[in-house]
Amino acid sequence: MEHQLPPTQLYLISPLEVGGDFPDRLERAITAGDGAVAAFQFRVKDMDQHQAAALAEPLQAICVAHEVAFIVNDSVALAKRLKADGVHLGQKDGSPKEAREELGREAQIGVTCHASKHLAMEAGEAGADYVAFGAFYPSTTKETEHRPEPEVLEWWSGLFEIPCVAIGGITPDNCAPLVAAGADFLAVSGAVWAGDEQAAVRKFVTSLAKAQG
């Protein structure tokens, strides 16, 4: 009997500007996915925690209402303050073990592993709930120096139970090889927020369905 992989889902990453009408845009994106959006990462830079928490509040409420995991980028302290579902750590943001001690057993802790199998295995051993590889394609959201091949997703998903996230310049038109390689989640930002978020998410859903046969 052929092993059936669970369907690949979307992991939305916020643009840096999350005020104004962004809460409405987030709700439109999530509802357009009809269950395909599994998580949302709140990613803001150069902002004090009080200001960040105020911006996060309406977005977190939308995620809770639609059963989408609300993940905070970089800051364990902010994740704890918000009682977020989890935190996403870069390589310089502390260890999953320390984050687990701060946030508790139920928290979802993800780690950026770039193109490195070694970093991914270390993250898994330290208790990460998912590992993120990328950037697979040129990204307009942030500068990237690591460019893995889809093979790393195949290798990871063939050996480990911990989910893997593909990140970096992913669009509805280029995501198929990452899905085929075993990505559990596609982290997407610019491809959704640079235009009509509803249309973009629907296009992703169509592409995911095709890629998964």
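The legends below describe close-up views of a predicted model. Local features are described where pLDDT is at least 70, side-chain atom pairs count only at pLDDT 80 or more, and totals for chains, interfaces and linings use all residues. Residues are numbered from 1 along each chain as its sequence is written, and side-chain values use heavy atoms, with hydrogens and water left out.

**View 1. Helix α2 and its kink at E57.** Helix α2 covers residues 49–65, and its 17 residues reach 24 Å from the first C-alpha to the last, close to the 24 Å expected at 1.5 Å a residue; the expected span is 1.5 Å times one less than the number of residues. Helices (H or I, at least four residues) and strands (E, at least two) are DSSP runs, numbered from the N terminus. A kink of about 35 degrees lies at E57, shortly before the proline P58, the bend being the angle between axes fitted to the seven residues ending there and the seven starting there.

**View 2. The surroundings of α2.** The buried residues of this helix are A52, A53, A56, L59, Q60, I62 and C63, where buried means under 20% relative accessible area, exposed over 50% and partly exposed in between (1.4 Å probe, protein chains only). These buried residues pack against α1 (22–32), β2 (37–42), β3 (69–73) and α3 (76–82), with contact meaning heavy atoms within 4.5 Å. In the loop between α2 and β3 lies E67, whose phi is near 55 degrees, a positive value in a residue other than glycine; E67 is exposed, with a relative accessible area of 74%.

**View 3. S14 in the loop between β1 (9–13) and α1.** S14 counts as buried because its relative accessibility is 0%. Its side chain reaches the backbone nitrogen of R43 at 2.9 Å. Not counting residues up to four places away in sequence, S14 touches F22, F40, Q41, F42, R43, S189 and W193.

**View 4. The packing of helices α5 and α6.** Helix α5 (residues 117–125) and helix α6 (residues 151–159) pack at an angle of about 30 degrees, with their axes 11 Å apart; axes are lines fitted to C-alpha atoms, for helices over the stretch in contact, and angles run from 0 to 180 degrees between N-to-C directions. The contact is made by K117, A120 and M121 of α5 together with E151, V152, W155 and W156 of α6.

**View 5. The cis peptide bond from G134 to A135.** Omega of this bond is near 15 degrees, and A135 lies in the loop between β6 (130–134) and α6.

Note on methods. A polar contact is a pair of N or O atoms within 3.5 Å; within protein, one must be able to donate a hydrogen and the other to accept it, and residues adjacent in sequence count only if both atoms are side-chain atoms.
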